[in-house]
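Please open the model in your viewer and keep the selection panel at hand.

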2 protein chains.
Amino acid sequence: MTEQHEAPGGVSGRALQKDIPQATVARLATYLRVLAMLADDGVAIVSSEELAVAAGVNSAKLRKDLSFLGPNGVRGVGYDVAKLRSRIEDVLGLSQGHRVVLVGAGNLGRALVGYGGFQRRGFTVVGILDSDPAVIGMPVAGLVVRDVAELAAAVAELEPTIAVITVPDDAAQDVCDRLVAFGLQSILSFAPCELVAPATVEVRRVDLAVEMQMLSFERVRNAEQAPLPVAHAGSGRIAHRLPTSHPALQHSATPHTATSHTATEPSSKGSVVTP
Amino acid sequence: MTEQHEAPGGVSGRALQKDIPQATVARLATYLRVLAMLADDGVAIVSSEELAVAAGVNSAKLRKDLSFLGPNGVRGVGYDVAKLRSRIEDVLGLSQGHRVVLVGAGNLGRALVGYGGFQRRGFTVVGILDSDPAVIGMPVAGLVVRDVAELAAAVAELEPTIAVITVPDDAAQDVCDRLVAFGLQSILSFAPCELVAPATVEVRRVDLAVEMQMLSFERVRNAEQAPLPVAHAGSGRIAHRLPTSHPALQHSATPHTATSHTATEPSSKGSVVTP
DNA sequence: GCATGTGAACCCCTTCACAGCC
DNA sequence: GGCTGTGAAGGGGTTCACATGC
């Protein structure tokens, strides 16, 4: 039915981000952060090798990732930092920024409103709501906590493109349902429970306990392979290893090994219900 | 050198969690949460199908995951909830619980101390530190913020097994280096930058902006495939869809589609530096 | 000469289907 | 009969190595 000949149609071959691997999408976000740092430092051109080291991946993977966006570099030279940056922002749909509404003004919710990292990367928190009379009306980082009962009105008025759920887990599904009913299509939840939503709605979940449990397992795994790590922890004085000023691009290898396991990666897309 | 014939040796075939896929480890943590809910509800036996639905995966994947831990169920019957639960806790190294120290008492750090989800899943926050004189000495959820200058003493005294970094990104590497020097082997960082650490140290990173950017992209992708989602958001009154009481096991399929993209998945293990 | 872009091999993970066991 | 456990098939992502183009 309707075979969808992917005729790009529009002027200037824009889209075709039909099938970019999710793993790649996650890394594009990382590259973006590094590119922003480079731009701030006045770097104009960067090679795949340099960018890759700064982002903690290998250069072949980086080039493959970027190749999904079409040609973005100049052979024998490298990538134009500004151009690549705006290309990635364009593909990720970040060009016009995002308006974020937060549901749940507990510890975590209030912390996120004040978190500068969002604003810096183009996400503006435009509203925060809660059901607890004790916090409704409370000012938080320039916003006032609104009653979640006026969620419909708040959504209509603030026109958020993304919603973040930071309510207790037994309230999460309810909030999610209502957000969906009011038109939200992108939801990030911190509640440690599965959320069901229509297939057209994108729901991502961040479970902090899961992250810690994975850390826990890796320690078990490592301890099993290595015989005895001589685990004498902090005794008296230890050699500080502070400086090593990193000017964004820290080319040469460190005595350490880059081992940041960035949490990210969706799982099954589409229907998962009983077949 | 030393070919390591994996002779299980010890009594009662315990370990052999040598090569459990990381993807599986991430899901084991999820299963654990569901099993805890079931146990609270007094459920004693659960089938792979039921557990899978509750965890948002398909049953074949769940059985495959559990098979890495050895036989844990009874054919024709299902899994013993209590037994399976303690088996997974054992494999993940959660049996004795974990002591967590937090570095960075900003909005996020203080929020995490108060977050009940950790304690409930066996992670006890035993200390929080910061460098800002304005917050040092401040009481936070039963703890007092200590000076990060006494990090060595705090680590020696509190004996944490996991450290969480919630400092601004330009201080993160420094804090990480010191934690490693003081013997920490498992680190979870919320700073949006790569951290370098010895290969023996496990570093995981949670980047909230990346999660949002992935949401952003999926919206672009969906919008591209679907012609026009008729995006008339919250107008006046909308049908509330609240109740649907879920008694932990909500067997039958919902009108919705389970679409929780749980964030999780490490990337490359081991050396990533220039070869 | 040098760095990008990419086909192909490789590996990990998911999915299927069924054998095995209660 | 029913449900677990698992070999085998399939797909997605990573790595390699080189062709391509400045």
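The stops below give what to select and what is there.

This is a predicted model, in which local features need pLDDT of at least 70 and side-chain atom pairs count only at pLDDT 80 or more, while totals for chains, interfaces and linings use all residues. Residues are numbered from 1 along each chain as its sequence is written, chains are lettered from A and ligands numbered from 1 in the order in which they are written, and side-chain values use heavy atoms, leaving out hydrogens and water.

Begin with chain B and select its open sheet of three strands, ordered β1-β3-β2 with antiparallel pairing; strands here are DSSP E runs of at least two residues and helices H or I runs of at least four, numbered from the N terminus, and two strands pair if DSSP finds at least two bridges between them. The edge strands, each pairing on one side only, are β1 (45-46) and β2 (73-74) of chain B. Two bridges join β1(B) to β3 (residues 78-80) of chain B, and Ile45(B) stands opposite Asp80(B) in β3(B).

Next, select DNA strand C with the 24 residues around it, where Ser48(A), Asn72(A), Gly73(A), Tyr79(A) and Arg27(B) come nearest, a residue being near if one of its heavy atoms lies within 4 Å. Zoom in on Arg27(B), where an N or O atom of the side chain is 2.7 Å from a phosphate oxygen of DNA strand C. At Asn72(A), a polar backbone atom is 2.9 Å from a phosphate oxygen of this DNA strand. Finally, select α3(B), which gives four residues, the largest share of the surface near DNA strand C.

Conventions:
A polar contact is a pair of N or O atoms within 3.5 Å; within protein, one must be able to donate a hydrogen and the other to accept it, and residues adjacent in sequence count only if both atoms are side-chain atoms.
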